Amino acid sequence: MNTNISTEPKKDEANELLKLFNEKKFGELLNKAEGLRLIYPNSLLIFNILGASYFEVGDYKKSLVFFNNLIRNKPNYFEAYYNIGNVYTKIGKLDLALTYYIKSTNLKKDFFEAFNNIGNIYKRKNQKSSAIVNYIKSLKINPDFKRSYHNLAVVLQDYIFNEPIPNIEKYLIRILESETIVRPIAIANSIISYLQLNEDFKKFFYMKDDKYKKIPINKKIKFLSNYKLFTKLLQLCPIPNIKIEEKLREIRKEILLKVSIIENRNDNFELINAISTQCYLNEYIYEISEEEISALKNLEEEIFKKIIINNHSANLEILCLSCFKSLNDLDWIKNIKEIKVLNQVYKYHYQEKLEEEEISKTIKSIAMIKDNISIKVKSQYEENPYPRWNNIGLSFAPKSLKNVIKDINLNIAENSISELSKPEILIAGCGTGQHAITSASKYLNCNITAIDLSKRSLSYAIRKAKHFKYNNIKFLEGDILDLKRLNKKFNIIECVGVLHHMDDPYNGWKCLKDCLRDDGLMYIGLYSELARQNIKLIRNEIKKMDIYPDKKNIINFRNKIIKSNEKKYHDLKNSTDFYSLSALRDLIFHFQEHTFTLDKIEQILKKLNMKFIGFEDTYVLEKFKSFKKSENQIYNLEDWKRFENKNPRIFAGMYQFWCQKI
Ligand SMILES: C[S@@+](CC[C@H](N)C(=O)[O-])C[C@H]1O[C@@H](n2cnc3c(N)ncnc32)[C@H](O)[C@@H]1O
């Protein structure tokens, strides 16, 4: 008997297996590895490779057999437990997955990938606090582990903190500092709820007037500047909270009235800079009183005197002025060299505007816009491009179309589109580019054409696409009604928040369908009539009062709402769109708006000879599944109708669904 036989394959045999694995040649690999198993029946490497390969080809039963063999032969092999956790996750046995991930972390205390996956399981089980705790554990071990930041950000999007989670703050700041993890506005409410767990912070914003007035302005500024998470958020998105807004307005006023006594310190500058950015981002939606108007006039004179006449610097004063208005409107300030010292003010008030003006000259047009409603809608978005944004939630890594379809779980039979390697995509009504850039990050090797009526929105979009280094998006000015002029058919067409602003949405939808390939997929976002009942009341009120939607009127109407306790305004005040000018105009002052029901959508799909193949919004899908207690009905619109009737606000973020030609 040969007692020298090794339990493991020779080096070249092992290398060959690993090479095939890396090249994803799983068929060939499985043949080879099964053959070698006869020679090396107890090889850990072969158990591992077979477990992983069967996992890749979707044979989870066999995958489990080999990983279990591995554990039997080497009980402290932590990766095998982790891999078994992955198999159980895949087949939806979440409790078993959790048990195995936990075992793997017991064996390897710094197994950050496993903590991340434990977080994912809790996320799927809707136990959000536990999910967050585990993402934080993962990040404490590896503060550069991007997946945990992305996953944490997803959970935060509908999470309100009721109790503090230790050590979380620095990771929240890191999320906000990253330009590509999440849109800050999507997690703003969560972050505010976290900040309000701090008693001192909360007390400050709820403080009674007489007490608040006694605190010197420098002390107030110093107090707020200590909350780095708050000052970071101020500089990234409009703060969607009335109480905080009230105090920010008061502080802004006090800074203006007492600018001469504000101490010339860095943290003072930082906070005023943050307030200035906040006001720029909300497009100066805060009301300005008569007292402030007159103080602003004096401030401008003071700055002029200091700089032009006396050759002194006036940075603090300029910063203060920028809390109230766009400096770009003031010709004499524009040419002052000092502005460049105020980096952020310079960037927002001048640099980006100049860049967009230059970009605007280069935008090509499909055709003259002729439709009357399109002309009106265009003028709205020329005045107020929407949405305005800075950071964005990009996909972690681009995926093949096949995998994207699998992730969304669309109800399509195997068809040719799944195998497509270079999808041609149309984003119709791309606005300021957020949607087009997100799609560019999602689909591997895609080519995107993005059209919109508004040149200013397109300029914004092109500036952002350049910033994020996406050069596979072609932006064009044009009307959906003129799409046929492109003479092109697309594999995927996405159109969110656009058709309901057209004169005849059916007509627009038909134009989209006409340039979709026969096996193509279409993603549509439409307003829900049920979810917008309150908005309808408010729109009627605006119509009755015949309010023209210019800045002054929007701000006046908004102030009336802020002061009112009427129930019909309640949802509106809770909407993040209430907190910036262009968003509020889009929400309640739009020139043209249709709303839909699922019945209506069904009828249109029938008329277009198309079929519904699934909703996209994971939050809505989760809620639906817990309502139906079954995965199977997600494609049944009758069930969705019942679900919406029971949860009339569920589609507040629009019906967002996929459809396909029949
Ligand atoms: C509410 S914004 C949505 C932008 C973008 N889809 C998003 O989700 O961020 C609506 C956009 O649709 C554009 N739009 C409206 N009607 C259009 C039409 N007939 N053709 C092309 N774009 C249109 C507007 O100019 C505006 O930028």
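Visitor: Before we start, what does "partly exposed" mean here?
Guide: A residue is buried under 20% relative accessible area and exposed over 50%, and partly exposed describes what falls in between. Please note also that this is a predicted model.

Visitor: Good. Is Glu 34 buried or partly exposed, then?
Guide: Glu 34 has 22% relative accessibility, so this residue counts as partly exposed.

Visitor: And what does Glu 34 pair with?
Guide: Glu 34 forms a salt bridge with Arg 37, and the closest N and O atoms are 3.0 Å apart. Side chains of opposite charge can pair when their charged atoms come close.

Visitor: Where do Glu 34 and Arg 37 lie?
Guide: Both residues belong to helix H2, which covers residues 26-39. Glu 34 and Arg 37 are 3 residues apart, about one turn of the helix. Arg 37 is partly exposed as well, because its relative accessibility is 31%.

Visitor: How many salt bridges are there in the whole structure?
Guide: The search of the whole structure finds 46 salt bridges. One of them joins the side chains of Arg 265 and Glu 263, at 2.5 Å from N to O.

Visitor: How accessible are Arg 265 and Glu 263?
Guide: Arg 265 has a relative accessible area of 27% and is therefore partly exposed. Glu 263 is at 37% relative accessibility, so Glu 263 counts as partly exposed.

Visitor: What about Glu 358, which residue does it bridge to?
Guide: Glu 358 forms a salt bridge with Lys 361, where the closest N and O atoms are 2.9 Å apart. Glu 358 is partly exposed, with a relative accessible area of 48%, whereas Lys 361 is exposed, with a relative accessible area of 64%.

Visitor: Where is Glu 245, and in which helix?
Guide: Glu 245 is in helix H16, which covers residues 242-257.

Visitor: Is Glu 245 buried or exposed?
Guide: Glu 245 is buried, because its relative accessible area is 2%. Leaving aside residues up to four places away in sequence, Glu 245 touches Tyr 286, Arg 558, Ile 562 and Tyr 579.

Visitor: Changing topic to the ligand: which residues come nearest?
Guide: There are 18 residues around the ligand, and those that come nearest are Gly 429, Asp 452, Asp 479, Ile 480 and Val 496.

Visitor: How much of the ligand does the protein bury?
Guide: The protein buries 94% of the 590 Å² that the ligand exposes when taken alone.

Visitor: Which helix gives the most to the shell around the ligand?
Guide: Helix H22, residues 372-383, gives the most, with 3 residues.

Visitor: Last topic: which residues make the nonpolar surface patch of about 280 Å²?
Guide: Phe 304, Ile 308 and Ile 309 make that patch. Phe 304 is in helix H18, residues 290-309, and is partly exposed, with a relative accessible area of 35%.

Terms used
Residues are numbered from 1 along each chain as its sequence is written. This is a predicted model: local features need pLDDT of at least 70, side-chain atom pairs count only at pLDDT 80 or more; totals for chains, interfaces and linings use all residues. Side-chain values use heavy atoms; hydrogens and water are left out. Patches are made of residues with over 30% relative accessible area and no salt bridge: like charges are joined within 9 Å, nonpolar side chains (Val, Leu, Ile, Met, Phe, Trp, Tyr) within 5 Å. Accessible areas come from the Shrake-Rupley method with a 1.4 Å probe; for residues, only the protein chains shown count as cover. A salt bridge is a side-chain nitrogen of Lys or Arg within 4 Å of a carboxyl oxygen of Asp or Glu. Helices (H or I, at least four residues) and strands (E, at least two) are DSSP runs, numbered from the N terminus. Buried means under 20% relative accessible area, exposed over 50%, partly exposed in between (1.4 Å probe, protein chains only). Contact means heavy atoms within 4.5 Å. A residue is near a molecule or strand if one of its heavy atoms lies within 4 Å of it.
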